[in-house]
Structures are given as C-alpha cells and as structure tokens.
Amino acid sequence: MSKMLVGSMRHFIKHFAHTSKPLLSRSFAPASSPQSLMIRNPHRLCTSLFCTLIHLFLRCRRLSKAISAFSAMRDCKLTPELHDWNGLLHHFNCTGLVHQVTLMYQEMIFSGVRPDVATKNIVVHSLCKVGDFDRALYFLRDNEDYSFISDVVTYNTVIWGFCKFGCVEMGLGLASEMVKRGVDCDSFTCNILVKGFCDKGMLENANLVMDMMCSGVNTDRTVIPRDVVGFNTLINGYCKAGEVSAGLQLMGRMTKEGLLPDIVTYNTLIDGFCETGQFASAKCLMDKLLDCNVSKVDDGVEKCGIVAGVRQRADHITYTNLIVGYSKQRQIEEALTVYQEMLGKGIEPDVVTFSCVINLLLKSGRFADAKYLFNEMIKVGVNPNHVTYSNLVDFLLKNSDVMTAFGLKGQMIVRGITFDVVVFTTFMDGLIKAGWVREAEDVFQNILEYNNVPNCITYSVLINGLCKIRDMKGVECVMQLMEEHNVLPNVVTYSSVINGYMKCRMLQAAINILQDMVRQNILPNAFTYGSLIDGCFKAGRKDMVESLYEDMKMRGLEDNIFILDAFMNNLKKDGRMEEAETLFKDSMLRGLLPDRVNYTTLMDGLFKSGKESSALEVAEEIMAKNIGFDIITYNVLLNGLLRVGHYDVQSIYTGMQQFGLTPDHATFNTLIKAYCREGKFDHSVRLLDEMKVHGLKPNAITCNVLVEGLCKSGKINAAMDLLNELFVAGLCPTTFTHKLVLTAASETKRADIIFMMHKKLVAMGLNLNLTVYSNLITVLCGLKMTRKAASVLEEMRKAGFHADTAIYNALIQGHCKSSHLEKASAVYSQMIAEEVSPNITTYNILLGGFAAAGLVHEVAKLHSEMEEIGFAPNGTTFDILVCGHGKIGNMKESIRLYCEMITRGFVPRTSTYNLLISNFAEMGKMKQAMELQNEMKARGVPSNSSTYDILITGWCNHAYQERSMKKLCEAEARKLFTEMNDKGFIPSETTISKLSPVLAKPGKVAEAQRLLDKLYKTKR
C-alpha cells in the first residue's frame, strides 16, 4: 500500500511540475494569496494533500490505510508543518491508535520540527489513555529541552489519566505538585478530581476536594469558581451510589450559590430516581419542575424535589432516562407510554431513544413492532447506529434467524457504520447461541483484521462457544492469546473454562483452573461452584462435592438455582425423590426462587419414580406462579402422562396449542413411543408426516423409537422395511439401531438370520466400526455361539480394528454360559497379553462362571488377584460371592460376605436375598429367614414370587416338623399367601401343594388343591 501511494504521488508531482507555469498564468488569484503561495510550493501542496488523505482515512475508520498513507508521505521526504503534525497526532489519538501517536512524535522530532505545548499535551493524553504514566510524567516534567513548560492542560491531562485508572489519590498529589511549580489549578482540575473520587464511591472526599479547591486563592489572586459542571458531577456521583436525596440537597446548594441547575442536572436526578425504582419521584420532578416557571425556592426542597427560578423543559434525554428506567424494571407498558407522551409533546427522539425503544420491543418479543419502528426512524432521518443494529442482530441470532441477521450486517456495511468490538462480540454471541461456533471464530478473526482490540467479554464469548463444542484445545489457545495481549480473564471467563472441562470429564484440569483463579485473586462465584458440583456428580465423584460445597459456604456464597439443579439431578438419578422434594421446599424457605428448569427437573423425577399425583401438583404450581411452560417442560409433562397410560395421546398433543408451543423432535418422539407402547404402529407412522408439516425431519432417535417398538412386538421385517424407507430419505441406521435389530433377531436363535440382518443394515449405510462389531459379537455370545463370534472377531481384526474390553467381556461371558471355563480363562489370558485392560465387569463374569460351577478355589484365587490389581468389589461382585458360597452350602462364609457387602454400602439383589432366605428355610431357621425379608423391605429391595414361594414352603415344612408350633407356622404361611396374592404373584405348584392342607378344611385337602391348581393355571 505504501509503495503504491509513493508511486502515484511521484507521478502527480512530476505532472504538476510540467504544468505549473500555465496554471499560474491562468490564475485569477493575487500573487500573494495562500492559493498562489501553495502552488508555488509543490512540496507544501503535496504535504497538505497527504494530510487531507490521512484525515479522510481516519474519519472513515480505515486505519491501516491511514497508517500506510503516513508512511508513504514520509517515504516521499515530505515534512508537514507543526500545525499539520499536531492535527495528525490529535486525529490518530482520537481514533485510538495510541502506539502510532508515539511513533509519529518520534518521526516529527527526527524530521527537525520542534514541538509546542499542544504537541506535548496530545502525546501525554495518548499515554494516559493506556495507563503509561511513567512516560506521561516524564513528558510532563521534561521542560528543559524546549522553550515552553507544561501548562495547566498538561497537568489536568495526567490527573485525568490517574483518575481514569482509579488512582485518584495520585492525581490529587500531582495537583499539589502543580501548585508548587507555579501552575494554577482551574475549574477543570477541580472537576476532574471530583469525578475521580465519585467514580471510586468516595463521595465525602469529592465534597472535600470541591470545598478545598474552590476556597483557595491562586497565584494571580483569583479564586476557582464552583460551576454547574462540578455540581452535576457530584450529583451524578450521589445518584450512582443510590443517594438521590443527597443529590437533591446539592441542587438546593447550587441555587443558594447563584448557580442555576441546567437540564443535565435534572436529567441526572431523574435517571437516579429511575435507577432506584422511584418512578413517581422521577415523573414528579419532570412534570412539576421542568415544565413550571417557579420563582421561589424554599430551602431548595419541595415535595418532589428542588425548584429553581428558571424555566426548564424536558428534552429527549429526560424521556429516554425514564424509558430506560422502566425497561430495567421490566415495566414495558409504562416505558412505551412515556415514549408516546414524548411524541405527543413534539419532542423528537434521537438515535439513543429509538434504540432503547427498539430494544424494549425486542425484549418483549414484539419483533414486528421493532422492525416497524426501525423503518420509521430511517424515514424521519435518524440514522441507526451500531447499537441499534446490535440489538436487532442479537435478537435475530438468539432466535436462530442467522440469514436475516447477516442481511442487517450488509446494511451496516453499506451505511458505513463502524464495526467496533461490541458489534463483533454481539455477532459472535448470537452465532454461538445458534450453534454456529466455527462461524463465530471467523468473526473473531475479523476483529483482528479490522485492527479492533478484543476485550475480556469478547474472549469470554469465544471461550464459552468452544466449551460448548468441547474444543478444549481451542480454549487453551484462546487463553494463551489473552495472556499474550495482556487481557486478564475474569470470573466469567474462568467459569466458562471450568464448565467446559467438566463437560469433557476433565476433572483435574477444572480443579487446576479453580486454583489458578484463587492465586490471581479472582474469587469464584456461585456459578463457578455450580459447574464444579454438577460435573463432580456426573463423574461419580460425590466425595468431592461435599468439600466444594463447604468451600463455597466458607467464602460466603449462597446457593443458586444452578447448584439446586445439580443436587436435584443427582437425587433424581439415584431415585431419592423424597429427599429431592425436601431439598426443593427447603430452598424455597431460604428465599431461593426456583426457575422453570428446577421445576422441570422435579416434575421429571416424580414422574419417573411413579409419583404421578405429586408431579401433576408441580405442573399446577408452574401454572399458578406464572412460570409458564416451554417446550422442554411440556415434553416432560407429556412423557410422564403418557407413561402412566391413562391419558389420550391426541388430546395431550392438541393441548400443546393452548400454551402456544410448537412441537419439536422430542415431542414427536415421545408421542411415537407412546403409540408404539400401545401397539398403534399406524398412528406412529402417520406422525412422521405430521413432523414434515412442522418443518421437522425424523432424526436418529425417531428412527430408533419406531424400530424398538416394532422389534419388541416381533415385527422385525416391518422394522427393516421402515429402515429402508428412511434410508431412501437420507437417514442411515446407527449403532443403536443395529443393536436393536440384532437383539430382536437373536430371539430366533438362528445365526443365519442374525448375519442376514447385519448385512442388510450395512447395505443401508451403517458405518462398520468397533461398536458394530461389538454388537454382533455380544449377540452371538449371548446365544453361546462362540465359534461364530470368533470368526467375526477375526474379520474385525482384518478390517483394522482391535478388540476392546467390552468385546473380550462378551467372549468370556459366552464361554462361561457354555460352561467352557478353560476357554474363558484362555480369552482372559489373551486379553492381558494384548494389554487390553480388564474392568470390574470382566472379573464379575469370570467369578460368576466359576461360582456357578462350584469352583470355590478358583473364585477365591481370582478374587484375590482382582483386589491386588486394585479393583474393589462392587455390588455385583458381592452378589456373586454370596450366592456362590450359598449354593455349595458354605452358609458361614455366605453370611460373612453379606455383612461385608452391607457394611460397604451395597444393596443385595432380590436373587441374593432369595438364596440366603432359602438356606435359612432349609435349615428350619424361619425367624432368620423372615428377618432377611424385613431387611429387604427396609433397603427397598422388592420381594418377588420366588421369595414368597420359599417362605411359604418353609413355614409349611416347619409346621410339619414342629408339631407344637403348627398353628403359628400355618398362620404365617396364610399371612404370606394373602400378601403374595395381593401383590399379584402366582404361587408355584410346590407352594400350592404345601398350602392346600393349610387352607383346606379337614378332609377337603385334595379338593382344595384341585381348586387352587385350576385357579392359578388359568392365571398362568
């Protein structure tokens, strides 16, 4: 660019030199005119043209071209005069190119142009903008090299810089130095310091500075006067601190000192009232003061504020403050009423007012009205700015209307609207929320190309997007980029990174980030802890949850809705819904207001635990509290009601329209599943057409729901026909589809049918991967077809796949089921040799095989080996060990293992309890057998038909053996039989034969047995 500009300017100079004389002869300008002098000096003319070009580039925000033009000017050996140098320095400084200001200043000195105090002030201002106070102070105090000294503007500029970066005390110290050096302070000095203290919330100090500086006398015997700007600054400070009444008193003090409040004063107070929600006072101040001509001041205070002897009228800023105030309090209609009142009084809105109202309409979902107002503002000649467009773009992207949003981006380019970091960040945020993360990365690159400097919010938005797609390497690169550009992450940035790591189950990485936060004195908030607690629950690290929660409480943080949802989801997962209900109610008593997500979690858990009435009460509470249903909440309600089976599918689907909701994939999948459960497959298939009406295509879940329903009803051929139709429509089977079909095909117990279905699915586009081979091997091994499975394993290896733990487990289980324990052990040895790590399931399968064969020695040996490697027994391990010892009559070891199992917090299965109860019953220890059944009930383990058969038979046998306790034993048997019958269990033939003598009258035993046999045979 620089070379191109140099070339073109040289051509211009050469052409100008040849044509300068004729031009002069034709000129009507006097010989001494500026135009004539400039034409006689081509060097000056070219310099002036270059400066004009640079200014134009800067005004159009084409910053890189402005820099290139300056380089081209210097390459042509053109040196501007001091006035031009100052103009360029000022313009570059205004556009934010601070580094370029310093380079230009050095170039100016090198070219031999001596700076003046104005030059110094510009350079000092640029350095203060970026907080480079060491160099700024050097320039301020370096008065020996030049014929001028720093003036009040220079000092005020550095004081302003200190205040801007929160170092107001240093600014006050510099003001003291300023006086000592003989430079008088002025009202600007005072007002800058007052604002600095107000920005830090040090209002008493601000008051003190104003009183001190405005009561002193300068070297020229003048006094710094208090002005309206100073008072307005102080009033604004009190209003921002929420002390609007103190601001009102200051307004009274102004009038006493002979200063008349201006419209800025009133607007500041009105804004203060709005911020604190005192809309009545704000309206009173506007209606009764600004439109009234009051001549008397009663101590500066009246009913609605301060009145002054001057007529002031509300302007567009006054009304805009009210509109913004109402919108912040979500009082939409009141804000729109103020807007209409503004128009009615003939006050024309500016771009800020229009932008506020448009944003208000968008927040209330009234896009059509917002669009109309947007067009209206253009008609009346108010040009939308980047804020107006940002609001519209943000709304469109959040509603997934990406194309319209990019259409507005095109309008912005045509209108020449500056794309600043806020606009770019808005686009990034919207794209990420619409699921277009990679496109958001491209926008981030645009920020760098446009020479904008991304801020912490921009980086945080990008990091959040990358975390959503679990691109943690990308996140680490962005964090490194932040460090290189000296952008400090905040708590939001770190919380997003922690959330991303937790989603990827990278627990230790998340904990490391938490520790980094604390080391950098960035305190984690409740959202940070919420992500960690939720992630620990999902990773099964409940031991860490307690310490994290305690750490959060020690920092004085309160629970929020996200932490509540994490605990609720964990309790729901564990089936502990009574505890979940208690937690939910306790949270509300502590003042926490659950949101729709919390209510949805509670309702879903209650439905899944069989508490339909409680779940419906939650749904009613959602309606009563105006929380409302979204599509997710409605889908939970829909799924719960349909699972109960007492509701009509179509009526529930139609009821959705009453809530103004549009069905999504989850809705249709739930309805299809309900129809499949009822066997109404025609209705299920018709819903596929209904999906198309709503612009939805069947997804993999839709396909699998239909296939599962058809396969469970034995209609495997219909399932394959459906899959073929979906394949033609572009939907290929998934690994889960493959598993469903092969499981259904295994019911035939024929390998040829299983392989045929497998091949058909592959022909339909099923991707042959490790999971597919694992499905096929697992199904074959489940049918004890280990040779067929071995051939599939060989085919898999030729295809380049290596067997994993799941495949080896399937092969071992297949051999164990076939009682080929030596082959099972050989597969296990091969697994170890190939360095495939066994898991607890591997050991449980082998232990089960050895225990079933009564090989106690092998069981003990494998159990020891398992614990030596570091695998702790789980519930299944203990079930196998207890049953294994129980089956060979080793009751003592069986009970010992049972006690250890309970001590470690595991709950035995029903079958384990049945075996122990059976052993006690056979030994005639019915009391111990009944105690075990009571323990079953206490631990929530349901008794089944076998449990009752064992106990009833045991009591009947005990009655026969212990004649003295016959009546008691028969009473227990009858009681258990009644309980068994009430639960819908059918007794076995042995139980019936044992029960007949107990239930029959004397001499009617055979008849009673025939009657019971007939009754339960019908039930069977």
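**Charged side chains**

Modeller: A positive surface patch is made up of Lys 468, Arg 470, Lys 503, Arg 505 and Lys 573. Please keep in mind that the model is predicted. Lys 503 belongs to helix H27, which covers residues 491–503. Arg 470 sits in the loop between helix H25 (456–468) and helix H26 (472–484). The backbone of Arg 470 has a positive phi of about 60°, although the residue is not a glycine.

A positive phi in a residue other than glycine also occurs at Lys 749, where the value is near 60°. Lys 749 is in the loop between helix H41 (735–745) and helix H42 (751–763). With a relative accessible area of 58%, Lys 749 is exposed, because the limit for that class is over 50%.

Another loop lysine is Lys 715, found between helix H39 (700–712) and helix H40 (716–728). Lys 715 is partly exposed, at 41% relative accessibility. From the C-alpha of Lys 715 to the C-alpha of Ala 744 the distance is 9.0 Å, while 29 residues separate the two in sequence.

Next come the salt bridges. The count for the model is 39. One of them pairs Arg 576 with Glu 579, with 2.8 Å between the closest N and O atoms. Both partners are partly exposed: Arg 576 has a relative accessibility of 34%, and Glu 579 has one of 41%.

Lys 680 and Glu 678 form another salt bridge, and here the closest N and O atoms are 3.3 Å apart. Lys 680 is partly exposed at 38% relative accessibility, and Glu 678 is partly exposed with a relative accessible area of 41%.

Glu 834 and Arg 797 also meet through their side chains in a salt bridge, at 3.3 Å from N to O. Glu 834 lies in the loop between helix H46 (821–833) and helix H47 (840–852), whereas Arg 797 lies in helix H44 (residues 786–798), so this pair ties together parts that are 37 residues apart in sequence. Glu 834 is partly exposed, with a relative accessible area of 38%. Arg 797 is likewise partly exposed, at 29% relative accessibility.

Salt bridges can also link several residues. A network of them connects Asp 211, Arg 226, Arg 253 and Glu 257.

For contrast, here is a contact between two histidines. The side chains of His 91 and His 55 are joined by a polar contact of 2.8 Å. His 91 is part of helix H5, residues 82–94. His 91 has a relative accessible area of 15% and is buried, because that class takes in values under 20%.

Lys 503 is in helix H27, and Arg 470 is in the loop between helix H25 and helix H26.

Definitions and conventions
Residues numbered from 1 in each chain as written. Predicted model: local features only at pLDDT ≥ 70, side-chain atom pairs only at ≥ 80, totals over all residues. Heavy atoms only, no water. Patch = residues over 30% accessible without salt bridge, like charges linked within 9 Å, V, L, I, M, F, W, Y side chains within 5 Å. Areas by Shrake-Rupley, 256 points an atom, 1.4 Å probe, with all protein chains shown as cover. Salt bridge = Lys/Arg side-chain N within 4 Å of Asp/Glu carboxyl O. Lys, Arg positive; Asp, Glu negative; His and termini not counted. Charge placed at Lys NZ, Arg CZ, Asp CG, Glu CD. Helix = DSSP H or I, 4+ residues; strand = E, 2+ residues; numbered from the N terminus. Buried < 20%, exposed > 50% of the residue type's maximum accessible area, 1.4 Å probe, protein only. Polar contact = N/O pair within 3.5 Å; in protein donor to acceptor, adjacent residues only side chain to side chain.
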